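The following exercises concern the secondary structure and packing of one protein chain. Please examine the sequence and the model before reading each solution.

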Amino acid sequence: MSRRSGVLEFAVLGLLHDAPMHGYELRKRLNVLLGSFRAFSYGTLYPCLKSLVAQGFLVEDNPDVEYVPATALNGKRSKIVYRLSGEGKQRFEELLADTGPDAWEDEHFGVRFAFFGQTDRAVRMRVLEGRRSRLEERLERMRSSISRTRERFDDYTLELQRHGLESVEREVRWLNELIETERATRTGRTGAGDTQTSDGRGQEAGSSDPPRPPHDRPGRSGLER
């Protein structure tokens with residue numbers, strides 16, 4: 001399974017874990033969850049759904065209702081509602097508990113973070129620390145590269161490299177804030193437990209303004225994401 005299809009599988013199972021929904025609604029929710037820059041087409045989503053059905057993770061329901069998706073070209077089609085099977089719920093829990101290197105990578109981390117409200121605190125810590133470690137390795141390589149190539153590139157190319165470096169440094173600082181918050185909560189210094197925000201992210205009790213992802217912070221351009 002490719003990384004992209006693995007991300008999509010995790011996101012689909014996670015959204016359907018909350019409630020059954022039909023494909024068009026699921027696609028809209030995916031675009032909200034993952035961002036328009038990673039929008040999924042029907043050509044990507046439906047093969048994933050069919051595969052999950054074939055594996056026994058999803059069940060198709062076909063109510064006697066006619067439904068016309070906004071992008072449909074072939075007239076009306078039956079509205080198929082997808083819901084998790086027992087095996088699908090177990091599969092999502094397994095993916096949610098995974099703390100391997102894939103969970104730290106760019107393709108996976110944002111989706112994993114979106115479901116942190118449903119994730120065990122110890123797992124959250126391992127994923128956050130793994131992501132920070134991966135970015136610290138990236139920072140070291142970027143700094144070394146800038147040092148080696150400083151004399152060979154013009155000012156604009158160097159500025160672009162510094163821009164990328166600052167973006168990674170900013171995310172590392174954000175991760176440090178999140179990790180410190182998790183540790184403080186675990187030792188009882190910031191509150192009694194977790195609450196959940198409207199977008200599904202975990203929020204520490206007693207905190208009205210938790211650390212935000214770097215892409216939510218003012219001034220962050222699309223190139224930094």
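Two strands pair if DSSP finds at least two bridges between them. Helices (H or I, at least four residues) and strands (E, at least two) are DSSP runs, numbered from the N terminus. The model is predicted, with local features requiring pLDDT of at least 70 and side-chain atom pairs pLDDT 80 or more, while totals for chains, interfaces and linings use all residues. Residues are numbered from 1 along each chain as its sequence is written, and side-chain values use heavy atoms, without hydrogens and water.

**Exercise 1.** Determine which residue of strand 5 is the bridge partner of His 22, and describe the sheet.

*Solution.* Begin with the pair: strand 1 and strand 5 (residues 81-84) run antiparallel and are joined by two bridges. Within strand 5, Val 81 is the bridge partner of His 22. Next, extend to the sheet, which is open, has three strands in the order 1-5-2 and pairs antiparallel. Strand 1 (21-22) and strand 2 (58-61) are at the edges with a single partner strand each, so one side of each has no neighbour in the sheet.

**Exercise 2.** Characterise the packing of helix 5 and helix 6.

*Solution.* First, helix 5 (residues 106-114) and helix 6 (residues 121-149) pack at about 150°, their axes being 12 Å apart. Helix 5 is therefore roughly antiparallel to helix 6 (an angle over 145 degrees). Then identify the contact (heavy atoms within 4.5 Å): helix 5 contributes Asp 106, Phe 109 and Arg 112, and residues of helix 6 including Val 127 and Arg 131 take part.

Definitions and conventions: Axes are lines fitted to C-alpha atoms, for helices over the stretch in contact, and angles run from 0 to 180 degrees between N-to-C directions. Angles under 35 degrees count as roughly parallel, over 145 as roughly antiparallel, 65 to 115 as roughly perpendicular and the rest as oblique.
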